[in-house]
Amino acid sequence: MSIPIGEHAEQICRVMLDSLAHCPDEPPGFRVLAATVLEEHTARLQRHARGPHPPWLVLPVLVQEALAGEEGLQSAYHVAAAWELGNMAAAQLDAWQDQDTDGALWQRTGPGRAVNLSVGLIGLSFRTLSGLVEAELLPALVVVELQQGFADTLLRMVAGQHADLGDNLALEDYQAVAEAKTGSLFRLGAWCGAVIAGASEDVAERYGAFGEALGLLIQAWNDLYGLEGELGKEDFGHQRSLPILAALAMAGGDEPPDEVLVGSAEGEGGRLYALVQAELLHQIASDALALCPAPGRLSLFLDSYSTGRLLADGKGADD
């Protein structure tokens, strides 16, 4: 019988909180802020894990589970914790740079402390990985491979974010930016789950391809939510989301988007374009999962992003 998703999430969150032991006590302040943010985040993740949609942070664990069952789950929990710590850092930096999310950390702490914390979370992510050797959970060579994968993904995400911050992003640029930012992040999550399960390079790449397709699907839906102001996001003032870029392309103009555009025929066309793209991405992710030798429970993510379920629930697989 499979371990409940909520139990996986609880174990991962415990490792994330344990990582605070690496934060220095002196000078005072940083460790307190990091603990406050991590406690809030892990509590939210555990509440979410009790719902119908699996939280993102269990992706590496479900890949490892599909390939190796319950063997090696402790290493999977550590890797998933490291991945989620990096994801937290990226999300906080993105929210500050885009300034499009209500209640974002930088609004509470000020941008300086939010950026500083994000850098610290990246440090905790890599420190959690190196702890796998100290705890004798994985061989050093495997951990080095994981660390390289994390570092390469970070660099790719930075390149994607650099392009995303530009003023001249067009619809034809969207795919490359989404692949660099969200696609590469989820590729890493699925890939590292396969690596710690002892999969061959080819098999690990297959899971990585599924993760990338899943990430692109999630990004398309997040863009749709941003258009509607869901999940505390409001994207109509930004030119970088899929429905907005499609609407601008249909309008044939280069003026900054506004609420008038969103409510226009072109705005509705952009929304429908994004919905169609989401359906296509769902099929691509389904096809990628079919190529993996053991799908396990990974289809739960695809179920969460089916059009019918999303329209009925009004929510995605994470907040």
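Analyst: A residue counts as buried when its relative accessible area is under 20%, as exposed over 50%, and as partly exposed in between (1.4 Å probe, protein chains only). By that rule 50% of the 319 residues of the protein chain are buried. The model is predicted, with local features needing pLDDT of at least 70 and side-chain atom pairs pLDDT 80 or more, while totals for chains, interfaces and linings use all residues. Residues are numbered from 1 along each chain as its sequence is written, and side-chain values use heavy atoms, leaving out hydrogens and water.

User: What makes up the secondary structure of the protein chain?

Analyst: The chain has 14 helices and zero strands.

User: Why is Ser184 called buried?

Analyst: Ser184 has a relative accessible area of 3%, and the limit is under 20%, so Ser184 is buried. Ser184 is part of helix α8. Leaving aside neighbours within four places in sequence, Ser184 is in contact (heavy atoms within 4.5 Å) with Thr153, Arg156, Met157 and Glu179.

User: Why is Gln219 called buried?

Analyst: The value for Gln219 is 18%, which is under 20%, and therefore Gln219 counts as buried. Gln219 belongs to helix α9. With neighbours within four places in sequence set aside, Gln219 is in contact with Tyr174, Ala178 and Thr182.

User: What makes the pair Gln219 and Asp223 a polar contact?

Analyst: A polar contact needs a pair of N or O atoms within 3.5 Å; within protein, one must be able to donate a hydrogen and the other to accept it, and residues adjacent in sequence count only if both atoms are side-chain atoms. The side chains of Gln219 and Asp223 are joined at 2.9 Å, so the distance meets the limit.

User: Is Ile284 buried, exposed or partly exposed, and why?

Analyst: Ile284 is partly exposed, because its relative accessibility of 47% falls between 20% and 50%. Ile284 sits in helix α12 (residues 265-290). Ile284 and Leu217 are 67 residues apart in sequence, and their C-alpha atoms are 8.9 Å apart.

User: Why does the length of α7 agree with that of a helix?

Analyst: The expected span is 1.5 Å times one less than the number of residues. The 25 residues of α7 should therefore span 36 Å, and its end C-alpha atoms are 36 Å apart, which agrees. The buried residues of α7, including Leu146, Phe150 and Met157, pack against α4 (73-98), α6 (111-134) and α8.

User: What covers the buried residues of α2?

Analyst: The cover includes α1 (5-18), α4, α5 (105-109) and α6. Among the buried residues of α2 are Val37, Leu38, His41 and Leu45.

User: What makes the second largest pocket a pocket, and which residues lie nearest its centre?

Analyst: On a 1 Å grid over the protein atoms alone, a pocket is an open set of points with protein on both sides within 12 Å along at least five of seven lines, and lining residues have an atom within 4 Å of a point. The second largest pocket has 16 lining residues, with Glu145, Gly149, Asp152, Trp191 and Glu205 nearest its centre. The space in this pocket is about 370 Å³.

User: Which helix supplies the largest share of the lining of the second largest pocket?

Analyst: The largest share, six residues, comes from α7.

Conventions:
On a 1 Å grid over the protein atoms alone, a cavity is a set of points where a 1.4 Å probe fits but cannot get out, and a pocket is an open set with protein on both sides within 12 Å along at least five of seven lines; lining residues have an atom within 4 Å of a point. Grid points are joined across faces, edges and corners, and a volume is the space filled by probe spheres set on the points. Helices (H or I, at least four residues) and strands (E, at least two) are DSSP runs, numbered from the N terminus.
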